[in-house]
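Biologist: Could you walk me through this model, starting with the overall fold and then turning to a single residue?

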Amino acid sequence: MNAASYPSLFAAGLPALDTAVAAAGRRPILAAAFDEQIAATAPAGIRKYALVATRDQAIPPAAERFEARRAHASITEVDSPHAIAAAGPEAVVDVIHRATH
């Protein structure tokens, strides 16, 4: 991914300076990441939570929902681009609070 595509793919709607700083720190993903095997998953008895960024241009929201349902996670949808922690920190904190109670 090049820095020019970062704003539209990951950070749509975030301040330009924040987006530029985040884009400068991005590194390409290693191809090996797509072949890496999962050693273990969380035990079935542990509650799982997922945030779905409904304006995500990097991972389709439908794919995020599919993965969350497959994990039997409690799903929270947020009107956000991929950079959900920067665009919707309140939603992230809310899910963390729900998970700890």
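Modeller: Helices (H or I, at least four residues) and strands (E, at least two) are DSSP runs, numbered from the N terminus. On that basis the chain has five helices and two strands, arranged along the sequence as α-α-β-α-β-α-α. This is a predicted model, in which local features need pLDDT of at least 70 and side-chain atom pairs count only at pLDDT 80 or more, while totals for chains, interfaces and linings use all residues. Residues are numbered from 1 along each chain as its sequence is written, and side-chain values use heavy atoms, with hydrogens and water left out.

Biologist: What does the C-alpha trace span along its principal axes?

Modeller: The trace spans about 40 × 35 × 20 Å, and 23% of the 101 residues are buried, meaning under 20% relative accessible area with a 1.4 Å probe, protein chains only.

Biologist: Now Asp-56, where is that found?

Modeller: Asp-56 is in the loop between strand E1 (49–53) and helix H3 (61–70). Leaving aside neighbours within four places in sequence, its contacts (heavy atoms within 4.5 Å) include Leu-9, Glu-64 and His-82.

Biologist: What lies 3.0 Å from a polar atom of its side chain?

Modeller: The backbone nitrogen of Ile-59 lies at that distance from the Asp-56 side chain.

Terms used:
Buried means under 20% relative accessible area, exposed over 50%, partly exposed in between (1.4 Å probe, protein chains only). A polar contact is a pair of N or O atoms within 3.5 Å; within protein, one must be able to donate a hydrogen and the other to accept it, and residues adjacent in sequence count only if both atoms are side-chain atoms.
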